[in-house]
Amino acid sequence: MDATIPGYSKRKYDEIVKSTSSYLRKIGYNPEANIRFIPISGLDGDNLIERSTNLDWYSGPTLALDQIQEPKRHSDKPMRLSFEDVKIGRIGTTAFGRVETGILKPDIVSIHMQKKKIDLKCGYVASNSEDDPANFANSFVSQLEIISKIDLTKSCEDDQELIEKETKFSEKVDVGIVKMVPDKPMVVEVFDTLYHY
């Protein structure tokens with residue numbers, strides 16, 4: 001808040017809350033129900049632990065890190081483990097990842113190799129083959145936000161027909177609902193199914 005012009009501006013705070021809340025609603029959060037917006041200054045220590053006189057227009061809580069609650073884990077959903085790194089050493093391959101949803105149980109963590117080489121890579125997703133396994137998507141519809149100007153000219157590999165010759169950009173963020181067609185196998189889940197806050 002110390003970097004706003006003028007410093008500690010309530011108008012700027014309200015603007016940030018409005019734009020951030022709008023974005024959070026689009027991705028499944030309810031900002032009014034469970035998200036606090038706390039104006040702070042890490043440089044000057046305003047509203048970190050004690051209330052700041054620089055922010056006398058704000059009457060809500062301070063940041064007080066010991067009051068922050070751990071987010072609810074999605075343990076009731078099907079297991080999805082995304083690989084973040086794979087190391088190949090003398091004793092074998094070790095995969096590092098993060099359990100995105102579900103619970104990782106010792107009896108489901110095994111990769112059966114029957115004279116077939118499995119090439120694990122960063123970005124792969126593992127799931128329980130007996131409980132709603134992850135599937136590849138041939139295509140999916142997504143909200144795409146372009147935050148800097150890039151060339152979006154695309155060509156179709158089947159008949160080399162140019163789909164878009166020119167792409168127009170606005171000076172601000174461009175947003176669109178687009179159909180994505182992965183050129184390699186890709187796991188895509190419906191947001192409302194797996195992630196609901």
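This is a predicted model: local features need pLDDT of at least 70, side-chain atom pairs count only at pLDDT 80 or more; totals for chains, interfaces and linings use all residues.

Residues are numbered from 1 along each chain as its sequence is written, and side-chain values use heavy atoms, with hydrogens and water left out.

**Exercise 1.** Determine how the rings of Tyr 13 and Trp 57 are arranged, and which parts the pair ties together.

Solution. Step one is the criterion: rings of Phe, Tyr and Trp (its six-membered ring) pair if their centres lie within 6.5 Å, and planes under 30 degrees apart count as stacked, over 60 as edge-to-face and the rest as tilted. The structure holds three aromatic pairs. In the pair of Tyr 13 and Trp 57 the centres are 5.2 Å apart and the planes stand at 50 degrees, so the pair is tilted. Step two is location, with helices (H or I, at least four residues) and strands (E, at least two) taken as DSSP runs numbered from the N terminus. Because Tyr 13 lies in helix α1 (residues 10-26) and Trp 57 in the loop between α2 (31-34) and β1 (80-89), the pair ties together parts that are 44 residues apart in sequence.

**Exercise 2.** Classify the pair of Tyr 13 and Tyr 58, and state whether these residues are buried or exposed.

Solution. The ring centres of Tyr 13 and Tyr 58 are 6.1 Å apart and the planes are at 70 degrees, so this pair is edge-to-face. Tyr 58 is in the loop between α2 and β1 and Tyr 13 in helix α1, so parts 45 residues apart in sequence are tied together. For accessibility, buried means under 20% relative accessible area, exposed over 50%, and partly exposed in between (1.4 Å probe, protein chains only). Both Tyr 13 and Tyr 58 are buried, Tyr 13 having a relative accessible area of 14%. Trp 57, at 25%, counts as partly exposed. Ring pairs link Tyr 13, Trp 57 and Tyr 58 into a cluster.

**Exercise 3.** Identify the residues of the largest nonpolar core.

Solution. A nonpolar core is a set of buried Ala, Val, Leu, Ile, Met, Phe, Trp, Tyr and Cys residues joined through side-chain atoms within 4.5 Å. The largest has seven residues: Met 1, Tyr 8, Tyr 13, Leu 24, Phe 37, Leu 55 and Tyr 58. Apart from it lies another core, of five residues, including Leu 81, Phe 83, Val 86 and Leu 120. Tyr 8, a member of the largest core, is placed in the segment before α1. Its relative accessible area is 16%, so Tyr 8 is buried. Although Tyr 8 is not a glycine, its phi is positive, at about 60 degrees.

**Exercise 4.** Describe the setting of Gln 143 and name its contacts beyond four places in sequence.

Solution. Gln 143 is placed in strand β4 (residues 140-146). With a relative accessible area of 34%, Gln 143 is partly exposed. Contact means heavy atoms within 4.5 Å. Leaving aside neighbours within four places in sequence, Gln 143 is in contact with Lys 26, Val 175, Gly 176 and Ile 177. Gln 143 and Val 175 are 32 residues apart in sequence and, C-alpha to C-alpha, 7.0 Å apart in space.

**Exercise 5.** Locate Asp 132 and give its phi.

Solution. Asp 132 is found in the loop between β3 (125-127) and β4. Its phi is near 50 degrees, a positive value in a residue other than glycine. Asp 132 counts as partly exposed, at 45% relative accessibility.
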